[in-house]
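Subject: Handover of a structure and the findings

Dear colleague,

Please find below the structure that I am handing over to you. My findings follow it.

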Amino acid sequence: MKCMCSSCYFLLLTAGLSFMNVQCASYSDAERLLGDLFQNYSTDIRPNQNLSEATKVSMHPLIFSLNDFDEVSGVISIVFGIILDWHDFRLTWTPSNYGDIEMLPIPKKKLWVPSVFLINPANKMEALGNDDYLGRVHYSGAVQWTPGGLFKSLCNVNMYKFPFDTQSCFFTFALWGFLPSEAVLMPGKNISTIDTTYYSPNALWKLESTEMKYSDIVTTESIIELRINLKRRALYFVINMLAPILLLSILNPLVFALPVDSGERVSYAITIFLSFAVFLTLISENMPKTSEPMSILSYFLVVTMTMSTLICILTIVTMRFHYRDSNLKVSKTAATVLKILQLKFLCIPCNMDKRKSQVRVASKLDDGFVQNVKDGKVEPVTVEPVEEDTWKGVAEQYDRVLMYYFFFIVFFQWIMLLIVLSI
């Protein structure tokens, strides 16, 4: 029984080795196949038996990495791989006649290859790929060529919502030198996006989505547009730009809380103003030199600097009020403006009730007390000027009111900025 099993194993092993020898192709088979395929082959003629039909070239793009994105110059650099497929009736064979060879790598210079160009490059326009990229030929006549490299394209940058912006960049490819009736470039079957299987994430930009479609430039099916949607990773700019601006905005109105006698009010206000100017310069360095559209953050900083300028001016005005002669009467204009800022005109009924109560109290005074005052038995009450009625008191009231107003403006500014950026 054991001998019979051993004999079976031996027969199976011999059959397996014989089968492997049949499936294994030799060097001579490949050499003979190449000689037969390219004996009368011409790379100058399109691979169609009927030249009145267009050669169909399908495109399957792969994205490997985002190398660089310069928003100022509007140039994006991406490493792509482009799989091009077409059919060549001249490159067909029967695998059993050539050691069961089903697929063969062929140098590009031996094949007819379509001339595909990137037509919106950032530098010079060149044909896709070079002789270093091999093609692969299937025994059915299907040819696949996969060039790749670093592609630089121009991108229309929209910095309106910087640093929470999303950019859309396009890479437009076209068959060059062929009429639409001769060759057609089309997306691969059931492919409408770029293959991101081998994509390496970028530290500054997040790849949101991709799209592949026919270009809207022309109506012919020979131009394909690859769309890349990128979203900026904003944490760096939030920590190093927005957070300091927020803190400076909070510090700005506190100039009115500084004692006037400290002598540091004007220098404090000007220091805050210059800090905003520095941040405006930093933002402008990361922006393209265009006016449409500008970043909302640039508008925000200009408004904040305007507010800071107004704070400097009002600081000087309140300091002038503070150091005026206390014997001088407060002008009606300064008092009226202060009442308007304090919204006292909204409390006119309250003031009228207060005056009526004062009249009632005065009417209840004893007539004897009045007579004693007249006889000199009781000294009349001398009314000291209220502090709010002096220039120093008015200056303090202005400081308090203006600090509240500017805190409200800062709060309102940031709420509006967040609303606009979230839309």
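In this message, two residues are in contact when they have heavy atoms within 4.5 Å. The model is predicted, so local features need pLDDT of at least 70 and side-chain atom pairs count only at pLDDT 80 or more, while totals for chains, interfaces and linings use all residues. Residues are numbered from 1 along each chain as its sequence is written, and side-chain values use heavy atoms, with hydrogens and water left out.

I begin with one residue. Met 305 lies in helix 5 (residues 296–322); helices (H or I, at least four residues) and strands (E, at least two) are DSSP runs numbered from the N terminus. Met 305 counts as buried because its relative accessibility is 14%; buried means under 20% relative accessible area, exposed over 50%, and partly exposed in between, with a 1.4 Å probe and protein chains only. Leaving aside neighbours within four places in sequence, Met 305 contacts Phe 273, Phe 276, Ala 277 and Leu 280. Phe 276 is 29 residues from Met 305 along the chain, yet their C-alpha atoms are separated by 6.4 Å.

The next topic is the nonpolar cores. A nonpolar core is a set of buried Ala, Val, Leu, Ile, Met, Phe, Trp, Tyr and Cys residues joined through side-chain atoms within 4.5 Å. The largest one has 78 residues, of which Phe 80, Leu 84, Phe 171 and Phe 173 touch the most other members. Helix 5 supplies the largest share of this core, eight residues. A second, separate core of nine residues includes Phe 321, Ala 334, Trp 391 and Val 394.

Next comes a helix pair. Helix 3 (residues 235–251) packs against helix 9 (residues 391–422) at about 155°, with axes 10 Å apart. Axes are lines fitted to C-alpha atoms, for helices over the stretch in contact, and angles run from 0 to 180 degrees between N-to-C directions. Helix 3 is therefore roughly antiparallel to helix 9, a term for angles over 145 degrees. From helix 3, Leu 242, Ile 245, Leu 246, Ser 249 and Ile 250 meet Phe 407, Val 410 and Trp 414 of helix 9.

Lastly, there is an open sheet of four strands in the order 4-8-11-10, with antiparallel pairing; two strands pair if DSSP finds at least two bridges between them. Strand 4 (116–118) and strand 10 (205–214) are the edge strands, each pairing on one side only. Strand 4 pairs with strand 8 (residues 166–175) over three bridges.

Yours sincerely

Conventions
Parallel < 35°, antiparallel > 145°, perpendicular 65-115°, else oblique.
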